[in-house]
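Dear colleague,

Please find the structure below for your files. My notes on what was found in it follow.

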Amino acid sequence: MRVLHVLDHSLPLHSGYTFRTAAILREQHALGIETFQLTTARHNGGDVLVEEVDGLRFHRTPGVRNAFSTVPGGIYLQEIHATAMRLSELVREFAPDILHAHSPVLNALPALWVGLRHRLPVVYEVRALWEDGAVDHGVTDAQSLRYRASRRLETFALRRASHVTTICEGLRSEIAARGVPAAAISIIPNAVDVREFAFDAAPDGALRARLGLDGKRIVAFAGSFYGYEGLDLLIEALAILAPRMPRLHVLLIGGGPQEEALRALVAARRLGDRVCFTGRVPHGEVSRYYGLIDVLAYPRRRTRLTDMVTPLKPLEAMAQGRMFVASDVGGHRELVRHGETGFLFEPDDPNALAAALESTFACEATWPRIAQQARRFVESERTWSRSVRGYEAVYARVLRHSPRVPSVKATH
């Protein structure tokens, strides 16, 4: 079986999106599925056509010219057209059996057009809905026309794909509400490779000393600093706890658009000696930082996005046997069994977060049991090998219901 994946971006860029993609591709190869990968011009906008990264070959879409960038939606139309042209070239070259487009909808639209032209079934994988991601990254009400147009395009693509896959129950429910039959939706959940996360690893003493964390109790966040992550709530919770927990420090691993505002808040609360910003850390180094952490915090605010989409980081924490607290939003509830694999608290409330952290440290005697339960959950339900096997049934179904009528031949 040959599958041509259409991607927004890929390795060597680092994000949850690229790590999920790489895991999918490697596990599909292990299953005997031959894959080809195309990224859109949003990956880097350059003119490189093929790039090898970590044993994976990615075909690139050349950068688009911005002649219509002043026209509303003009740059998106250019990107869709460029992706469609490049995708058509690869279909002719490799003769895939299936096109598999991954979020955003800007990838699904050219895949649907090429699939129709070449009589190929299209699987559309929704990792997040484009319109909700835009709003929660700061789009204002003045741009609500863009939101409505994006939503219509998303619904259009969902209803026309041969099959839709998604990462969690929250998104599955939303997709079904848009008129996609239940039988045409499958959940392929986020997962981890447990071999990458040593359970209950010993702290790296040299790293701890370099960060000035010797003798401290560490609460940490690892990821991108977006507004919906609620990291300002973590700083406020530290301010509440600081007088009665003098050894408590916050470690912020990563970076993003909220970093400047977070640094300003730390200064305003006079917590500069209690908060450490590491900057972005290479993916291969993240496990060293996990070893320093007593409790991970995921204080996501309650938004439409966070209620629907499950993050990857709590699974990494479970795999490594770290304690964590997470806001009680829908995306976290799908992953966390309160009191068994982690702890939930009321979202959008720094006092609730402070109380959750304090109670978590107070029950430290239970940590080994909770860590073991969390690791077992990951090993039994959320490994990439288990998750990716779900694509076999999806692909078999679309080929059975949408048999290809050959219209192209591979050139070599």
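A residue is called buried under 20% relative accessible area, exposed over 50% and partly exposed in between, with a 1.4 Å probe and protein chains only. The model is predicted: local features need pLDDT of at least 70, side-chain atom pairs count only at pLDDT 80 or more, and totals for chains, interfaces and linings use all residues. Residues are numbered from 1 along each chain as its sequence is written, and side-chain values use heavy atoms, with hydrogens and water left out.

Tyr290 has 1% relative accessibility and therefore counts as buried; Phe197, at 6%, is buried as well.

Aromatic rings of Phe, Tyr and Trp (its six-membered ring) pair if their centres lie within 6.5 Å; planes under 30 degrees apart are stacked, over 60 edge-to-face, and the rest tilted. The count comes to 9 aromatic pairs. In one of them, the ring centres of Phe197 and Tyr290 are 6.4 Å apart and the planes stand at 65 degrees, so the pair is edge-to-face. Phe197 belongs to the loop between β8 (185-187) and α7 (205-210) and Tyr290 to helix α10 (residues 286-290), so the pair ties together parts 93 residues apart in sequence. Here helices (H or I, at least four residues) and strands (E, at least two) are DSSP runs, numbered from the N terminus.

Tyr298 and Phe324 form another edge-to-face pair, with 5.9 Å centre to centre and 70 degrees between the planes. Both of these residues are buried. Ring pairs also link Phe221, Phe225, Tyr298 and Phe324 into a cluster.

Yours sincerely
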